[in-house]
Amino acid sequence: MAQSVLLSLKKSVAVISMVGMAGGALAQTPAPPATTQAPAAPAPDAAPPSPQGVEPPIAQEGIEPEAMLPAPPTAAPTVNVQPSAGPAIASGPASVADLTEGLLDAVVNISTSQSVANQGAGPQTPQVPEGAPFEEFFDDFFDGEGPEGSQKVNSLGSGFVIDPSGYVVTNNHVIEDADDIEVVFPDGSKLKAELVGTDTKTDLSVLKVEPKAPLKAVHFGDSRQMRIGDWVMAIGNPFGLGGSVTLGIISARGRNINAGPYDNFIQTDAAINKGNSGGPLFNMRGEVIGINTAIISPSGGSIGIGFAVPTELAENIVNQLIEFGETRRGWLGVRIQPVTDEVAESLGLDRARGALVSGVVEGGPIANGEIKAGDVILRFDGQAVGEMRDLPRAVAESPVGKEVDVVVLRDGKEQTVKVTLGRLEDSTDEVAETDETVEPEDGQAPEDDGTEQQDGAEQGPVEILGMTLAALDEEQRQAFGIAESVEGVVVTAVEDGSKAAEKGLKPGDVIVEVGQDFVDAPAAVSERVDALKSEGRRNAHLMVADPTGALRFVAVPVE
């Protein structure tokens with residue numbers, strides 16, 4: 001009896017356990033979708049339906065209901081998902097295969113070789129005793145050249161045909177100092193190339209080959225029409241792998257990477273690697289809108305930051321190199337410096353903009369004082385000068401001999417002057433050829449008539465704005481080596497940590513103007529600074545000359 005009770009108890013526990021598991025399974029089974037037809041009312045004596053339509057187990061004679069196991073649940077219905085009738089979501093940009101196919105034949109590899117003297121770097125001929133077993137082997141491997149000989153260095157780059165007659169554009173650094181230049185075409189053919197012209201300031205060069213038949217060529221587009229986010233495609237010769245195509249977008253425009261005086265690069269995330277230099281950057285119409293030139297990479301490979309010279313700059317350079325074999329840039333003949341926030345405030349500008357003229361070159365295009373030291377150039381030939389670096393680029397792109405309108409800020413008012421541009425020679429600095437400058441008309445020292453000039457010289461030193469100032473006499477000229485052409489008030493000492501020291505002023509500098517007024521005595525500087533304070537100015541605008549006479553402008557806080 002005890003065994004029967006025990007057996008019955010075990011069966012009950014098993015049934016309860018299985019029912020619990022089945023109930024859990026049923027609870028996790030998703031309910032079928034409801035139908036619109038109302039269910040039939042159950043008979044009065046009928047048991048309520050179980051979930052999911054699973055019938056309860058039927059009790060058999062002699063077996064208690066608790067001992068029955070539930071029937072397995074029915075299989076869940078298969079749901080067939082029909083595709084949406086709406087437009088399919090694009091998996092990526094449209095293929096550029098058709099566009100690429102028409103451009104690949106115009107993109108070439110540039111192979112150069114150069115003989116360089118051995119200077120201890122690279123493999124050198126080992127010192128093998130005469131008659132040693134491997135002497136002949138080493139002589140053959142190293143061509144018999146010793147440490148004092150030379151070796152040939154090969155390099156690879158990219159380029160593109162811009163004219164069917166055989167003109168090829170590439171980077172200057174690809175072919176610089178090369179003894180031999182060879183253009184390798186996509187079909188494997190090779191032609192010797194001659195250097196037509198090069199421009200180191202923009203890193204561009206033009207080569208010429210002599211083909212037997214007209215070549216496939218591409219043409220320049222207008223990079224000024226390109227916007228950030230536009231698709232671009234680069235084709236080149238990365239790591240010697242010719243005809244490689246990469247796709248990306250324009251990430252930024254007008255980048256200055258300090259590569260040259262006319263930096264205005266297009267930035268792209270299209271993969272550009274070593275060997276891509278000189279290759280074209282295309283828009284989606286197959287036009288060249290840039291020449292791939294540089295990358296930023298800690299590893300030497302692409303990290304998605306590449307730079308291309310825009311065609312708005314390159315096209316004119318290439319045309320000049322083809323026509324003249326050299327560049328012919330406009331020249332304004334002024335020395336300029338940036339307009340800082342402090343300088344803008346001291347001059348009454350609404351914001352920092354333009355280029356501040358710190359000097360005018362003698363013998364340059366500015367012959368009659370059209371532009372003076374202290375002027376701020378705001379517009380050049382109709383183009384706004386947003387910052388200092390905009391001016392050299394705008395001037396260089398202008399034709400030699402052209403008369404242009406220049407808008408300057410002088411004495412707090414805008415004026416328009418006309419200037420005829422000269423030619424910038426390769427040996428000429430972009431804004432000035434020499435440190436010799438023409439002083440502004442109101443900056444000329446008055447004649448030594450023994451009155452005002454003598455009175456200023458007799459004044460003692462003055463301490464102001466963290467500086468000690470003294471009259472510029474012969475003793476001070478000898479002490480600081482100041483040229484005879486320099487006039488003003490000499491700085492004899494600068495307090496450490498002062499505002500003047502922070503602005504780079506140092507003993508031996510000469511203050512020529514304060515607030516665009518010439519000063520020739522320490523007291524005149526003090527009076528002019530006090531006047532600026534009374535006008536509510538926060539900075540004193542100083543024209544400062546170094547001992548050689550080179551001018552610059554400094555805004556020193558007066559508060």
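## What you are looking at

This is a predicted model, where local features need pLDDT of at least 70, side-chain atom pairs count only at pLDDT 80 or more, and totals for chains, interfaces and linings use all residues. Residues are numbered from 1 along each chain as its sequence is written, and side-chain values use heavy atoms, with hydrogens and water left out.

## The whole chain

The protein chain has 11 helices and 28 strands. Here helices (H or I, at least four residues) and strands (E, at least two) are DSSP runs, numbered from the N terminus. Of the 559 residues, 40% are buried. "Buried" means under 20% relative accessible area, "exposed" means over 50%, and "partly exposed" is in between (1.4 Å probe, protein chains only).

Now for contacts, meaning heavy atoms within 4.5 Å. Take those in the protein chain with a separation of 6 or more: 62% of them involve residues 24 or more positions apart. The accessible surface comes to about 30500 Å², and carbon and sulfur atoms hold 51% of that. Such areas come from the Shrake-Rupley method with a 1.4 Å probe, and for residues only the protein chains shown count as cover.

## A covered strand and its partners

Have a look at β23, residues 467-471: 5 of its 5 residues are buried. On one side sit Met467, Leu469 and Ala471, on the other Thr468 and Ala470, and both faces are covered.

β23 pairs with β22 (residues 462-464) in the antiparallel sense over 3 bridges; two strands pair if DSSP finds at least two bridges between them. Ile464 stands opposite Met467. The β22 and β23 hairpin has 2 residues between its strands, and Leu465 there takes a positive phi near 55°. β23 also pairs with β24 (residues 489-494), again antiparallel, over 5 bridges, and Leu469 has Val491 as its bridge partner in β24.

## Another hairpin

Strands β19 (residues 403-410) and β20 (residues 413-420) run antiparallel and are joined by 8 bridges. Val407 has Thr416 as its bridge partner in β20. This hairpin has 2 residues between the strands, and Asp411 takes a positive phi near 55°.

## Helix α5

Buried residues in α5 include Leu313, Ile317 and Leu321. An α-helix has 3.6 residues a turn, so residues three or four places apart point the same way. The buried residues of α5 pack against several strands, among them β3 (167-171), β7 (204-208) and β13 (306-310). After α5 comes Gly325, with a positive phi near 80°.

## Two loop residues

Where is Leu505, and is Leu505 buried or exposed? Leu505 sits in the loop between α10 (499-502) and β25 (510-514), and this residue is buried, with a relative accessible area of 4%. Setting aside neighbours within four places in sequence, Leu505 is in contact with residues including Met467, Val494 and Val556. Val556 is 51 residues away along the chain, and the C-alpha atoms of Leu505 and Val556 are separated by 9.6 Å.

Met284 lies in the loop between β11 (280-282) and β12. Met284 is partly exposed, with a relative accessible area of 34%.
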